[in-house]
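Hi,

Here is the structure I said I would pass on. Have a look at it first, and then read on for what turned up.

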Amino acid sequence: MWKKAKMVVLVLVVVGALIIVLYFTVRHWLFKKEVEFTEHILQQTKQALQVYKIEYGTYPEPTNWCYVLMHPQGSNVTRGIVYLYTGPDRAPPTDAWGYVLEYRRQSNGFKVISVGPDGKMGSSDDVHAVVDE
């Protein structure tokens, strides 16, 4: 009787350990995919901002950058690229965790930032796209 009970406990411990390992493996894989998706969105945003600069000669101001990207007044090329970028709903760009991207002008370029899964700016999980010219 005790042997059978010990065997059942051992099997339950092994199965539980496997489930824990599988959970953390899948969680890590999903996190990597979310980061990859966010990096892709940052690259699209960076390209849209660079097209904006080609069209208008400067990058948009941080106070209205989403608006000008979503409502371009320039050429059909700019409108086409921005439409592909923002989609038909013209929503502000968000990362894999649903946070709106942050845009900051710098002296010779710009930085687009995702606050990462914790939603806090300046933490170690932030994802950046930087253009220095």
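Before we get to the residues, one cut-off: buried means under 20% relative accessible area, exposed means over 50%, and partly exposed is what lies in between. At 48% relative accessibility, Tyr23 therefore counts as partly exposed. Please keep in mind that this is a predicted model.

First, the overall layout. The protein has three helices and three strands, and along the sequence they follow the pattern α-α-α-β-β-β. Of its 133 residues, 31% count as buried. The protein exposes about 8,900 Å², with carbon and sulfur atoms supplying 63% of that. If you take the contacts with a separation of 6 or more, 41% of them are between residues 24 or more positions apart.

Now the sheet. Strands of a sheet pair through backbone hydrogen bonds, either parallel or antiparallel. Here the three strands make an open sheet, ordered S1-S2-S3, and the pairing is antiparallel. Strand S1 (102-106) and strand S3 (127-132) are the edge strands, each pairing on one side only. From one strand to the next, the twist averages 15°. Strand S2 (residues 109-114) is joined to S3 by six bridges, and Lys111 stands opposite Val130 in S3. Helix H1 packs on this sheet and touches S1, S2 and S3, with its direction at about 25° to that of S3.

Where does Thr38 sit? It is in helix H1 (residues 2-56). Thr38 counts as buried because its relative accessibility is 0%. Apart from neighbours within four places in sequence, Thr38 is in contact with Asp95, Ala96, Trp97, Ser114 and Val127.

In soluble globular proteins, nonpolar side chains tend to be buried together. The largest nonpolar core in this model has 17 residues, and Leu49, Trp65, Tyr103, Phe110 and Val112 are the ones with the most contacts inside it. H1, helix H2 (65-70), S2 and S3 each supply at least two residues of this core. H1 gives the most, with five residues.

Phe110 deserves a click in your viewer. Its relative accessible area is 0%, so Phe110 is buried. Not counting residues up to four places away in sequence, Phe110 touches Lys46, Leu49, Gln50, Tyr59, Tyr103, Arg104, Arg105, Ala129, Val130 and Val131.

That leaves the aromatic rings. How many aromatic pairs are there? The count comes to five. One of them is Tyr23 with Phe24, an edge-to-face pair at 5.0 Å centre to centre and 80° between the planes. Phe24 has a relative accessible area of 46%, so this residue is partly exposed, and Tyr23, as above, is also partly exposed at 48%. Then there are Tyr103 and Phe110: their ring centres are 5.9 Å apart and their planes are at 50°, so the pair is tilted. Both of these residues are buried, Tyr103 at 4% relative accessibility and Phe110 at 0%. Ring pairs also bring in Tyr59, linking Tyr59, Tyr103 and Phe110 into a cluster.

Cheers

Notes. Residues numbered from 1 in each chain as written. Predicted model: local features only at pLDDT ≥ 70, side-chain atom pairs only at ≥ 80, totals over all residues. Heavy atoms only, no water. Helix = DSSP H or I, 4+ residues; strand = E, 2+ residues; numbered from the N terminus. Buried < 20%, exposed > 50% of the residue type's maximum accessible area, 1.4 Å probe, protein only. Contact = heavy atoms within 4.5 Å. Pairing = 2+ DSSP bridges. Axes fitted to C-alpha atoms, helices over the stretch in contact; angles between N-to-C directions. Areas by Shrake-Rupley, 256 points an atom, 1.4 Å probe, with all protein chains shown as cover. Phe/Tyr/Trp six-rings, centres within 6.5 Å; stacked < 30°, edge-to-face > 60°. Core = buried A, V, L, I, M, F, W, Y, C linked by side-chain atoms within 4.5 Å.
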